[in-house]
Amino acid sequence: MLDMRRMQILRAVVSSGSVTAAARHLGYTPSAVSQQMAALEKEAGTPLLERTGRGVRPTDAGLLLADCATTIGRHVAQAETALADLRAGRTGRISVRYFATAGARLVAPALARLRCEHPGVQAELRLTDPDDPLPEVKAGRTDAALVVRRHDAPPVDGIRFVHVLDDRYRAVLPRAHPLAARPTLRLTDLAEEPLVGSELPGPCLDAVLDACGAAGFTPDFVVDSGDYATAQGFVAAGVGVALVPEMGLLAPSASDGHPELAVREVRDPEPVRSIWAAVRATAPEGPVLRGFLGALRGVASQAQAGGADPA
C-alpha cells in the first residue's frame, strides 16, 4: 500500500525540482527525503524520479503519484474544514419528533433560534401523534423527541430526559358562563360541569384525571373531541367547559382567537402536563443537539414568563 505521507514528500520534490530544496521546505534533511523516496519507489514497484544534473525530474509514475498527492491533499484540507465546521456547529443535521401542540409553540421557535446561531444546520422534523417516539430515539433513528411524562416517572433504559416545560391547564368556558365572572377557579368548581374532552388516552389525559381525582371527583365528559381546537369550538357553542393546556389555547388568551370564550386559571390543584426532550443516553451532545436543547429551554422560559393572560 502506498504511504500517503511519502506521496506528499514526493509532491514537494517534484514541485521544487530537487531533493535538497524539498528538504529545506519541509524541514527535513536531504538524506531523510531520499530515504522516503526510496521507500516509496519500493512500494510503487517502479522508479519515480530520475537525476538531471543537480536536480531531479519525475518519471511518468512519479508525475502520476505527485498529481494524486495534490488531489489527496486538497481533499484532506476540505475534510479538515468540514470537520471544523461540524465541531463548531456551523454545519450538521438534527432530527426531531414532536407532538402537535409542541410543534408550533416549542419546536418552530426553537428551530428559528438554532438557525440564527447555526445557519448551516439541516433539520428533519416529524409529527409523532399518536405513535410513541421513544423507540426511534433509543435506536438512534432520531436525535430528540418531545414527550409528556410525569416528573416521578420511572427511568427508561437508554433514554435521557431533559425537562423543557410544565404546561399548566386552564379552564375554558363560554363567555356568558357564571364561572367566567371569577378571575380564578378552584378545580372543584368544575366538578358538576359537563366537560368537553380534549385529550386522547395517554399522559396528557392522565394529568387531567389525576388532578380531578386529587380534587375528589371524576370528570363528566360529555364530548370526546380529541384535540384542543375542536374542544374550544364545542365550548364556544355552549356544549360544556374544557380543561386545556396553555400551549393548546387558540391564542395566548383564548378570547383573542374566539370571542365567545373565557380562559381562567385553575387552582387546588392545578392540572399540569410536563414536557420533556428525550435523547439517547449514549449520544454525544454536540453543538447542534446542545444548541437545540438550549433553544427549547429558552423558548419555554419565555413562554412561562409571558404566561396566558386571563380574558
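## Largest cavity

The largest cavity has a volume of about 60 Å³. A cavity here is a set of points, on a 1 Å grid over the protein atoms alone, where a 1.4 Å probe fits but cannot get out. Grid points are joined across faces, edges and corners, and a volume is the space filled by probe spheres set on the points. By this rule there is one cavity of 30 Å³ or more. This is a predicted model, in which local features need pLDDT of at least 70 and side-chain atom pairs count only at pLDDT 80 or more, while totals for chains, interfaces and linings use all residues. Residues are numbered from 1 along each chain as its sequence is written, and side-chain values use heavy atoms, with hydrogens and water left out.

The lining, meaning residues with an atom within 4 Å of a point, consists of L195, V196, G197, S198, E199, L205, V208, F221, A242 and L243. Two or more lining residues come from each of β8 (194-197), α7 (203-214) and β10 (242-245); β8 gives the most, with three residues. Helices (H or I, at least four residues) and strands (E, at least two) are DSSP runs, numbered from the N terminus. By class, the lining has seven nonpolar, two polar and one charged residues. Ala, Val, Leu, Ile, Met, Phe, Trp, Tyr, Cys and Pro count as nonpolar, Asp, Glu, Lys and Arg as charged, and the others, Gly among them, as polar.

## Second largest pocket

The second largest pocket holds about 280 Å³ of space. A pocket is an open set of points with protein on both sides within 12 Å along at least five of seven lines. It is lined by 13 residues, of which R93, D143, P284, G286 and L289 are the closest to its centre. The elements giving two or more residues to this lining are β3 (91-98) and α10 (287-306). Its class make-up is seven nonpolar, three polar and three charged residues.

## Two loop residues

V239 sits in the loop between α8 (228-236) and β10. V239 counts as partly exposed because its relative accessibility is 33%, the class between buried (under 20% relative accessible area) and exposed (over 50%), with a 1.4 Å probe and protein chains only.

A180 is found in the loop between β6 (159-174) and β7 (184-186). A180 has a relative accessibility of 10%, so it counts as buried.
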